[in-house]
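Welcome, and thanks for taking a look at this one with me. Have the viewer open as you read, and follow the topics below in order.

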Amino acid sequence: MTDHVLPDVLGPGLRVVFCGTQAGSVSARRGAYYAGPGNRFWRTLFETGLIPLPLGPADFRELPRYGIGCTDVAKRTFGPDTVLARDHFDVAGFLGKMRAQRPAIIAFNGKRAAQAVLAQAGRALAYGLQPAAIDDIRVVVLPSTSGAASGYWSIEPWRELAALAKEASL
């Protein structure tokens, strides 16, 4: 039995696996990814063409049929990123899952998860395609879709991801 707040949505052959930091409080309560009322994740997937029809948090288990997966780097905790401690992150577990599943792209939804996995300081980490891959898996860092991070929001890196994902499926 797992003590993960949200189950991984993973499988072989995915175009993109989205990695968040940890489930938000609303997501944990609803048992669904990106369920907070101000979260732009689902709308952005549709607006950028990553999915062909509008979906919502309750549909998260349907994402693999569109070549998309979801996980978090801190699977056993939930809440705002400000309450995270270093020991909440399971970087080795995350990397093991990515190496086993081999998605075409790992897309970090926000810099905090990317910082933990890539071991880089926040300001030095740019949005977009990263120069270094993880075992030949492309890595993209995106502005967080969380309403709490709305001051950093831009859809452009998400559009770039959609173009990379389309290229990966050809």
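The sulfur of C19 lies 9.6 Å from the closest cysteine sulfur, that of C70, which is too far for a bond. Keep in mind that this is a predicted model.

**The cysteines**

- C19 counts as buried, at 0% relative accessibility.
- C70 is buried too, with a relative accessible area of 1%.

- How many residues of strand 3 are buried? The count is 5 of 5, so the strand is mostly covered.
- I105, A107 and N109 point one way from strand 3, while I106 and F108 point the other way, and all are buried.
- Strand 1 and strand 3 run parallel and are joined by 4 bridges.
- Within strand 3, I106 is the residue that stands opposite V17.
- Strand 3 also runs parallel to strand 5, with 5 bridges joining them.
- Here A107 stands opposite V140 in strand 5.

**Helix 5**

- Helix 5 covers residues 156-168, which makes 13 residues.
- From its first C-alpha to its last, helix 5 reaches 18 Å, close to the 18 Å expected at 1.5 Å a residue.
- Which residues of helix 5 are buried? They are P157, W158, L161, A162, L164 and A165.

**Helix 3**

- In helix 3 (residues 91-101), the buried residues include F94, L95 and M98.
- Their arc around the axis is only 95°, which puts them on the same side of helix 3.
- The face turned away from that buried side carries A92 and A100, which are exposed.
- What do the buried residues of helix 3 pack against? Their neighbours are strand 1, strand 2 (68-72), strand 3 and helix 4 (111-118).
- Just after helix 3 comes R102, which takes a positive phi of about 55°.

**T21 in its loop**

- T21 lies in the loop between strand 1 and helix 1 (25-30).
- Is T21 buried or exposed? With a relative accessible area of 6%, T21 is buried, as the cut-off for that label is under 20%.
- The side chain of T21 reaches the backbone nitrogen of A113 at 3.3 Å.
- Leaving aside residues up to four places away in sequence, T21 touches D72, V73, A74, D81, L84, F89, R112 and A113.

Methods: Residues numbered from 1 in each chain as written. Predicted model: local features only at pLDDT ≥ 70, side-chain atom pairs only at ≥ 80, totals over all residues. Heavy atoms only, no water. Helix = DSSP H or I, 4+ residues; strand = E, 2+ residues; numbered from the N terminus. Expected span 1.5 Å × (residues − 1). Buried < 20%, exposed > 50% of the residue type's maximum accessible area, 1.4 Å probe, protein only. Pairing = 2+ DSSP bridges. Arc of directions from axis to C-beta. Contact = heavy atoms within 4.5 Å. Polar contact = N/O pair within 3.5 Å; in protein donor to acceptor, adjacent residues only side chain to side chain. Disulfide = S-S within 2.5 Å.
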